[in-house]
Amino acid sequence: MDNRINEIRRQIRALRISMLEAEAIMREQIKRDEDCAFVAEDILKMRLVMSRLVEERTVLGDREPILVSFAPHQPRAQKPVVVPLANRRLVFGEQRAR
């Protein structure tokens with residue numbers, strides 16, 4: 001029985017990390033205004049699997065918290081800042097002579 005509980009806990013840990021990674025990917029796709037339906041479907045499937053694992057774990061009597069540490073990917077370098085040049089006006093020959 002303990003082996004099964006340990007196996008379920010390992011699967012839950014791995015599934016949580018996969019879900020967090022998928023959510024990060026989905027957020028990036030949303031920021032770029034891309035279609036994220038495929039990733040969203042995967043997250044829903046992972047939630048279904050997670051709920052079944054949690055049910056089985058509860059039936060087996062395991063109620064200890066499962067801690068997961070997740071470091072999201074490193075943020076991309078920021079876009080370079082474009083500083084506009086000073087206001088310039090076209091001056092024609094006649095106006096320049098004045």
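Which residues of α2 are buried? They are Val39, Ile43, Met46, Met50, Leu53 and Arg57. The model is predicted, with a mean pLDDT of 82 for the protein chain and 69% of its residues at 70 or more. The chain has three helices and zero strands, and its elements run α-α-α from the N terminus on.

**Overall figures**
- Of the 98 residues of the protein chain, 19% count as buried.
- The accessible surface of the chain is about 8900 Å², and carbon and sulfur atoms hold 55% of that surface.
- Among contacts in the chain with a separation of 6 or more, 72% join residues 24 or more positions apart.

**Helix α2**
- Helix α2 covers residues 37-59. At 1.5 Å a residue its 23 residues should span 33 Å, and the C-alpha atoms at its ends are 33 Å apart, so the two values agree.
- The cover over the buried residues of α2 includes α1 (2-31).
- One of those buried residues, Val39, touches Ala22, Ile25, Met26 and Gln29 when residues up to four places away in sequence are not counted.
- Just after α2, Gly61 takes a positive phi of about 95°.

**Nonpolar core**
- The largest nonpolar core has eleven residues: Ile8, Ile12, Leu15, Met19, Ala22, Val39, Ile43, Met46, Met50, Leu53 and Ile66.
- Helices α1 and α2 each supply at least two residues of this core.
- Leu15 is a core residue found in helix α1. Leu15 counts as buried because its relative accessibility is 13%, under the 20% cut-off.
- Not counting residues up to four places away in sequence, Leu15 touches Met46, Val49, Met50 and Leu53.
- Leu15 and Val49 are 34 residues apart in sequence, and their C-alpha atoms are 8.6 Å apart in space.

**Ile66 in the loop**
- Ile66, also listed in the core, lies in the loop between α2 and α3 (93-97).
- Ile66 is buried, since its relative accessible area is 7%.
- Leaving aside neighbours within four places in sequence, Ile66 is in contact with Arg9, Ile12, Arg13, Arg16 and Arg57.
- Ile66 and Arg9 are 57 residues apart in sequence but 7.1 Å apart in space, C-alpha to C-alpha.

**Salt bridges**
- A search of the whole structure finds seven salt bridges.
- Arg57 forms one of them with Asp62, with the closest N and O atoms 3.0 Å apart.
- Both partners are buried: Arg57 has a relative accessible area of 11%, and Asp62 has a relative accessibility of 8%.
- Glu28, Lys31, Arg32 and Glu34 are linked in a network of salt bridges.
- Within this network, the side chain of Arg32 meets that of Glu28 at 3.9 Å, N to O, and that of Glu34 at 3.1 Å, N to O.
- Arg32 counts as partly exposed at 43% relative accessibility, as does Glu34 at 39%, whereas Glu28 is buried with a relative accessible area of 16%.

Note on methods. Residues numbered from 1 in each chain as written. Predicted model: local features only at pLDDT ≥ 70, side-chain atom pairs only at ≥ 80, totals over all residues. Heavy atoms only, no water. Helix = DSSP H or I, 4+ residues; strand = E, 2+ residues; numbered from the N terminus. Expected span 1.5 Å × (residues − 1). Buried < 20%, exposed > 50% of the residue type's maximum accessible area, 1.4 Å probe, protein only. Contact = heavy atoms within 4.5 Å. Areas by Shrake-Rupley, 256 points an atom, 1.4 Å probe, with all protein chains shown as cover. Core = buried A, V, L, I, M, F, W, Y, C linked by side-chain atoms within 4.5 Å. pLDDT = per-residue confidence, 0-100. Salt bridge = Lys/Arg side-chain N within 4 Å of Asp/Glu carboxyl O.
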